[in-house]
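Here's a quick briefing to read alongside the model. Have the structure open and follow along.

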Amino acid sequence: MRAGRGVRGLGLMIGFQLDVDRLEKSAVLKDDGRAASIAIVDALGEAGLLTVPAGMDVVRWLPPLVACQEDVDKAFGIMEKVLNDIMK
């Protein structure tokens with residue numbers, strides 16, 4: 001099940017738009033009471049990835065300008081794992 005609706009941004013400032021309707025049905029977020037973006041940012045932080053919420057349904061990732069492909073792959077791996085765990 002997909003947790004995202006799309007990606008937007010300019011350059012390295014990337015925002016991942018969340019599918020809030022699907023996420024809020026998950027057991028993890030169903031009774032959380034926080035905006036989905038805040039709950040996801042907290043979970044990503046616990047997993048080692050620094051992100052920031054941008055509204056109720058967007059998680060923003062601002063990688064360093066010196067990020068290499070390995071860093072990007074690691075970041076996306078963390079995102080994938082966290083979102084898959086939430087969607088279970």
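Asp 85 is partly exposed, at 33% relative accessible area, on a scale where buried means under 20%, exposed over 50% and partly exposed in between (1.4 Å probe, protein chains only). This is a predicted model, so local features need pLDDT of at least 70 and side-chain atom pairs count only at pLDDT 80 or more, while totals for chains, interfaces and linings use all residues. Numbering runs from 1 along each chain as its sequence is written, and side-chain values use heavy atoms, with hydrogens and water left out.

**Salt bridges**

- Asp 85 pairs with Lys 81 in a salt bridge at 2.7 Å, N to O; the term means a side-chain nitrogen of Lys or Arg within 4 Å of a carboxyl oxygen of Asp or Glu.
- Lys 81 and Asp 85 are four residues apart in helix 3, so about one helical turn separates them; Lys 81 is exposed at 53%.
- Helices (H or I, at least four residues) and strands (E, at least two) are DSSP runs, numbered from the N terminus.
- The count comes to three salt bridges.
- Another one joins Asp 42 and Arg 34, with the closest N and O atoms 2.2 Å apart; Asp 42 is partly exposed at 36%, and Arg 34 is partly exposed at 37%.
- Asp 19 and Arg 22 also form one, their closest N and O atoms being 3.4 Å apart. Here Asp 19 is buried at 9%, whereas Arg 22 is partly exposed at 36%.

**Nonpolar core**

- The largest nonpolar core has 21 residues, and Leu 23, Ile 40, Leu 44, Leu 49 and Trp 61 have the most contacts inside it. Such a core is a set of buried Ala, Val, Leu, Ile, Met, Phe, Trp, Tyr and Cys residues joined through side-chain atoms within 4.5 Å.
- Strand 2 (13-18), helix 1 (20-23), helix 2 (36-46), strand 4 (58-61) and helix 3 (69-87) each supply at least two of its residues, and helix 3 gives the most, with seven.
- Ile 40 touches Leu 18, Leu 23, Leu 29, Val 59, Leu 83 and Ile 86, leaving out residues up to four places away in sequence; contact means heavy atoms within 4.5 Å.

**Helix 2 and what follows**

- Buried residues in helix 2 are Ala 36, Ser 37, Ala 39, Ile 40, Val 41 and Leu 44, and their cover includes strand 2, helix 1, strand 3, strand 4 and helix 3.
- Gly 48 follows helix 2 and has a positive phi, near 105 degrees.
- Thr 51 sits in the loop between helix 2 and strand 3 (52-53) and is buried at 7%.
- Beyond neighbours within four places in sequence, Thr 51 contacts Val 41, Leu 44, Val 59, Arg 60 and Trp 61.

**Aromatic pairs**

- There are two aromatic pairs in the whole structure. Rings of Phe, Tyr and Trp (its six-membered ring) pair if their centres lie within 6.5 Å, with planes under 30 degrees apart counted as stacked, over 60 as edge-to-face and the rest as tilted.
- Phe 16 and Phe 76 are edge-to-face, at 5.9 Å centre to centre and 85 degrees between the planes. Phe 16 lies in strand 2 and Phe 76 in helix 3, so this pair ties together parts that are 60 residues apart in sequence.
- Trp 61 and Phe 76 have ring centres 5.8 Å apart and planes at 70 degrees, so they are edge-to-face too.
- Ring pairs link Phe 16, Trp 61 and Phe 76 into a cluster: Phe 16 is buried at 14%, Trp 61 is buried at 8%, and Phe 76 is partly exposed at 35%.
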